[in-house]
Amino acid sequence: FGDPNLKTEESLNYYLKNNIINENFAIIIDLHYIKFNHLINWRPMVGNSAYWIPENISYAKSYGTDLTIKSNFINLFKLNIGYSLSIVNNQDFEKSSPHWNKQLLYTPKQSGTIEIEKSIDNFSLNINGKITGERIYRYFYPNDLILSKYFTINSSIKYKLQQFQKINADIILNIENILDNQYQTVYGYPTPGRNININLNIKGKNNEKNT
C-alpha cells in the first residue's frame, strides 16, 4: 500500500458462538476477544479528496458481541435484526498518556441494523435501517473530537417483468437515506442527502445442456 515499513498483523483470537434455531426464527450470538500486535488500521487521509491509508497500531485489543435475530413471521415477511458491541482499545501509547486504551479512531462502539423484506407476486420490497454510534476522529486532551451518531433508512422496490423468450428483466426503484439525514463518515466530508434512482436490469439465459 505504498508503505514499505508496514508490518504484518498478528493476533490471538478467542470466539464463542451460540445458535438458537427454530422453524420460524433464529438467534445467533457471537462473542469475541482478540489481542493484536501490529494491527493494520485504515484511517482517512484528508486532502483534495478523502482516501484511506493503512498504518500499524503496535498493540490493541478488541472484545464485544454480535447479536443477530432472523424471522420469517410465518411467511408474512422476513425480519432481520442485528446489534454489535465492539470495543477496540488502542494501546499504541504509553500507559501514562491520556490517550492510552481509548477506542480506535473511526470505530463505533455500537451499531445496529434492521431489515424487512416482503414479496407479493412479481413485487418485492426491502426496507432497511442502520444506526452507527459515535466515533472518535481525533484524540484530543481533555475532550476527544467526536463524530455524531447517525441513523439512515434505505428502501428498494423490485418488479420482475414478464419473461420474454430467454431474457429476464427487473425494474428496481432505490431510495437511499429516506429521512434525508445529514451525517459524516469522514470528518469534513458530509455525505449526500436523499438519493433516488431507477435501474433496469436485463439478463439473458444461456443454453444449458446436461453432460
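These legends walk through several close-up views of the predicted model shown above.

The model is predicted, with local features needing pLDDT of at least 70 and side-chain atom pairs counting only at pLDDT 80 or more, while totals for chains, interfaces and linings use all residues. Residues are numbered from 1 along each chain as its sequence is written, and side-chain values use heavy atoms, leaving out hydrogens and water.

**View A. Strand 11 pairs with strand 10 and with strand 14**. Strands here are DSSP runs of E with at least two residues, numbered from the N terminus, and two of them pair if DSSP finds at least two bridges between them. Strand 11 (residues 167–176) meets strand 10 (residues 150–160) in the antiparallel sense, over six bridges. Look for Lys 160, whose bridge partner in strand 11 is Asp 170. With strand 14 (residues 195–204), strand 11 again pairs in the antiparallel sense, over ten bridges. There, Glu 176 stands opposite Asn 195 of strand 14.

**View B. A salt bridge joins Glu 55 and Arg 43**. A salt bridge means a side-chain nitrogen of Lys or Arg within 4 Å of a carboxyl oxygen of Asp or Glu, and by this rule the count comes to two. In this pair the closest N and O atoms are 2.8 Å apart. Glu 55 belongs to strand 3 (residues 50–71) and Arg 43 to strand 2, so the contact ties together parts twelve residues apart in sequence. Buried means under 20% relative accessible area, exposed over 50%, and partly exposed in between (1.4 Å probe, protein chains only). Glu 55 is partly exposed at 23%, and Arg 43 is partly exposed at 26%.

**View C. A salt bridge joins Asp 144 and Lys 102**. The closest N and O atoms of this pair are 2.8 Å apart. Asp 144 sits in the loop between strand 8 and strand 9, and Lys 102 in strand 5 (residues 102–103), so the pair ties together parts that are 42 residues apart in sequence. Lys 102 counts as buried because its relative accessibility is 17%.

**View D. The peptide bond from Tyr 141 to Pro 142 is cis**. Its omega is near 10 degrees. You will find Pro 142 in the loop between strand 8 (135–138) and strand 9 (145–147).

**View E. His 38 and Asp 121 have positive phi values**. For His 38, in strand 2 (residues 25–46), phi is near 60 degrees. His 38 is partly exposed, at 24% relative accessibility. For Asp 121, in the loop between strand 6 (110–120) and strand 7 (123–132), phi is near 50 degrees. Asp 121 counts as exposed, at 79%.

Notes: Helices (H or I, at least four residues) and strands (E, at least two) are DSSP runs, numbered from the N terminus.
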